[in-house]
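Please keep the structure in view while going through the numbered points.

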Amino acid sequence: IIMIVDNIKNIKLYKEIPDAVIEFILSLDENITLGKHIISDNIYANLEEYSTKSLSDAKFETHDKYIDIQLLLLGKEKIAITKRECLKVSEPYDTNKDITFYSDDVSKYPYITLDGANFALIFPHEAHAPQICVEEPSQKVRKVVVKIKI
């Protein structure tokens, strides 16, 4: 498996995560305002709330300009993972949104589960298909995605 997934208690061990990001993550609570939060010039966080989707609706995506740190404040979700070079592009890179989408069947790949106690550190070479339901689709989650410019 690629991708770093660890308990939030261990986040300080990762030297590639800036101190400002660690402070932001460790200070989070479920009442934080949804939307974009600026952490520094090259780092921001998106706080979003949505319903998880079925595996058949999931799509792989990658980002070129940012590293993602993803964690949940409420609920659980699966994220399918693989290396980007083995996927077929379905929507070419969008520079404004820093995203490429892929057409591959997500169900054929391993996944991690975010459960509120852990985080995923996702680099540009790692494709991920987020927002997948753990048991039934349409479970509400509240997610934090920290974007660190590289």
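**Notes on the predicted model**

1. At 5% relative accessibility, D98 counts as buried; the term buried means under 20% relative accessible area, exposed means over 50%, and partly exposed lies in between, with a 1.4 Å probe and protein chains only. D98 is found in the loop between β7 (89–94) and β8. Its phi is positive, about 50°, although D98 is not a glycine.

2. Residues are numbered from 1 along each chain as its sequence is written, and side-chain values use heavy atoms, with hydrogens and water left out.

3. A positive phi of about 70° is also found at Q131, which is not a glycine. Q131 has its place in strand β11. With a relative accessible area of 22%, Q131 is partly exposed.

4. What does the secondary structure of the protein come to? It comes to one helix and twelve strands; helices (H or I, at least four residues) and strands (E, at least two) are DSSP runs numbered from the N terminus. Along the sequence the elements follow the pattern β-α-β-β-β-β-β-β-β-β-β-β-β. The radius of gyration is 15 Å, close to the 15 Å that the globule rule gives for 150 residues, so the protein is as compact as a globular protein of that length. That radius is taken over C-alpha atoms, and the globule rule is 2.2 Å times the number of residues to the power 0.38.

5. The C-alpha trace spans about 35 × 35 × 25 Å along its principal axes. Of the 150 residues in the protein, 47% are buried. The protein exposes about 8,000 Å², and carbon and sulfur atoms supply 47% of this area; accessible areas come from the Shrake-Rupley method with a 1.4 Å probe, and for residues only the protein chains shown count as cover. Among contacts between residues at least 6 apart in sequence, 80% join residues at least 24 apart, where contact means heavy atoms within 4.5 Å.

6. The largest pocket has a volume of about 410 Å³. On a 1 Å grid over the protein atoms alone, a pocket is an open set of points with protein on both sides within 12 Å along at least five of seven lines, whereas a cavity is a set of points where a 1.4 Å probe fits but cannot get out; lining residues have an atom within 4 Å of a point. Grid points are joined across faces, edges and corners, and the volume is the space filled by probe spheres set on the points.

7. Which residues lie nearest the centre of the largest pocket? They are E48, E61, H63, I99 and K147, out of a lining of 24 residues. The lining divides into seven nonpolar, seven polar and ten charged residues; Ala, Val, Leu, Ile, Met, Phe, Trp, Tyr, Cys and Pro count as nonpolar, Asp, Glu, Lys and Arg as charged, and the others, Gly among them, as polar. At least two lining residues come from each of β3 (43–51), β5 (66–74), β8 (99–102), β11 (126–132) and β12 (140–149). The most is given by β3, with four residues.

8. I43 also lies in strand β3, and at 8% relative accessibility I43 counts as buried. Neighbours within four places in sequence aside, I43 is in contact with P18, V21, I38, V146, K147 and I148.

9. The loop between β3 and β4 holds K53, which is partly exposed at 26% relative accessibility. Residues up to four places away in sequence not counted, K53 touches A58, P130, Q131, I132, C133 and P137. K53 and V134 are 81 residues apart in sequence, and their C-alpha atoms are 9.2 Å apart. S56 has its place in the loop between β3 and β4 (61–62) and counts as exposed, at 69% relative accessibility.

10. T82 is placed in strand β6 (residues 77–83) and counts as buried at 11% relative accessibility. Its contacts, neighbours within four places in sequence aside, are I2, F60, L87, Y109, H125, E126 and A127. T33, by contrast, is exposed, with a relative accessible area of 55%, and is found in the loop between α1 (19–26) and β2 (35–40).
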